[in-house]
Amino acid sequence: MATVEIRNVRKAFGPVQVLHGVNVDIADGEFVVLVGPSGCGKSTLLRMLAGLENITSGEIAIGPRVVNNVPPKDRDIAMVFQNYALYPHMTVFDNMAFSMKLAKAPKEVMEQEVGRAAKILGLEALLQRYPRQLSGGQRQRVAMGRAIVRNPQVFLFDEPLSNLDAKLRVQMRAEIKELHQRLRVTTVYVTHDQIEAMTMADKIVVMNGGHVEQVGPPLELYDRPANLFVAGFIGSPAMNLVKGGPGEGGFQAEGGAVLPLPQSARGEASIYGIRPEHIQLREDGIPATVVLVEPTGSETQVVARIGETPLTCAFRERVTARPGETIRIMPEMGLVHLFESGSGRRLAA
């Protein structure tokens, strides 16, 4: 295992700047998720860490060693790809043992290491099958097993669950997290799915346009987003972000609604944020017209309009109201977020 330090790393493809001075410190044994929308630079950063892309400037260190000019095979990392990258003409055993064969490891060592990884991943009965005889989840386990047998200092995962169906993604998500808890190998995981990031990470790096927007534990990013981008990206359904400004009686939204403000609210706030699950049904609440009702079983999501301002709400209670009817809602005052529209930074509410 090893620490990973990414220091002022930049990447350009010709005149196009992809990464703009990225700094990330990853502790020994930590599970770090790089998350952001498509094109934000997260996969490019992972490939630079793996040695598959050259670094325009800056440094990447694995442990005490700067690896900018170290070939991928000598970096002591193992990578799991989105498309599994298994050899179709090889059995599961041979796929998992391939790197050891290249290193001319003794047969008994290969059998021992592959057997250990197969036991961890529940692949013992599948070692003589070929990739075409496996399900998507089993293929991904084989790809993970191939990484485990290398005993690397760092695991790299590049959107490994994107090709799986929704139910299998949830299962594999839990398996990868359990695997990390068992092996405690430093792990860098790339995804565009913020639910994956929230449920798996020790630390999340939120990226946007080649910049790091915020770094921190999942709940810190959720409860105290540094800016508008993080607030809107982390959380599902997304945070309600309402434009306007403080006025008489509360926050005057551009759509005509008046929303309650904490007494400590600062005057420069021009965007009001409240998460859907932090809006309550209350008899003394603000009248709102129901636009849409979406029951999901565990909760009911309701889009309601105060004046011309729509708010998405998530209620644990069963909601019987129909579109066009009126409900009364109230944001939880202690959970309101306020932002500047220009800089996007979050203000202390």
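Predicted model: local features only at pLDDT ≥ 70, side-chain atom pairs only at ≥ 80, totals over all residues.

Me: How many helices and strands does the protein have?
Reply: Helices (H or I, at least four residues) and strands (E, at least two) are DSSP runs, numbered from the N terminus. By that rule the secondary structure comes to eight helices and 20 strands.

Me: What share of the residues is buried?
Reply: Buried means under 20% relative accessible area, exposed over 50%, and partly exposed in between, with a 1.4 Å probe and protein chains only. The C-alpha trace spans about 75 × 45 × 30 Å along its principal axes. Of the 349 residues, the buried share is 49%.

Me: Which feature does UniProt place at residues 4-234?
Reply: Over residues 4-234 the chain is 37% helix and 26% strand, with the end C-alpha atoms 25 Å apart. UniProt positions follow the numbering used here, feature names are shortened, and annotations may be inferred rather than shown by experiment. The UniProt record, an unreviewed entry, gives "domain: ABC transporter".

Me: Which residues have the most contacts inside the largest nonpolar core?
Reply: A nonpolar core is a set of buried Ala, Val, Leu, Ile, Met, Phe, Trp, Tyr and Cys residues joined through side-chain atoms within 4.5 Å. The largest one has 47 residues, and those with the most contacts inside it are M96, M144, I176 and Y189.

Me: With which residues is Y189 in contact, leaving aside its neighbours within four places in sequence?
Reply: Contact means heavy atoms within 4.5 Å. With those neighbours left aside, the partners of Y189 are F31, V32, V33, L34, F157, P160, L161, I176, E196 and M200.

Me: Which residues are the closest to the centre of the largest pocket?
Reply: A pocket is an open set of points on a 1 Å grid over the protein atoms alone, where a 1.4 Å probe fits and protein lies on both sides within 12 Å along at least five of seven lines; lining residues have an atom within 4 Å of a point. The largest pocket has a volume of about 480 Å³, the volume being the space filled by probe spheres set on the points. Strand 6 (77-80), helix 2 (92-102) and helix 4 (136-148) each supply at least two residues of its lining. Of the 18 lining residues, the closest to the centre are I77, M79, F81, R146 and R150.

Me: Is helix 1 mostly covered or exposed, and which of its residues are buried?
Reply: Helix 1 (residues 42-50) is mostly covered, with seven of its nine residues buried. Just after helix 1, G51 takes a positive phi of about 90°. The buried residues of the helix are K42, T44, L45, L46, M48, L49 and A50.

Me: Is E159 buried or exposed?
Reply: E159 lies in the loop between strand 7 (154-158) and helix 5 (166-183). Its phi is positive, about 45°, although E159 is not a glycine. At 13% relative accessibility, E159 is buried.

Me: What is the relative accessible area of N8?
Reply: N8 sits in strand 1 (residues 4-13). Phi of N8 is near 50°, a positive value in a residue other than glycine. N8 is partly exposed, and its relative accessible area is 37%.

Definitions and conventions: Residues numbered from 1 in each chain as written. Heavy atoms only, no water.
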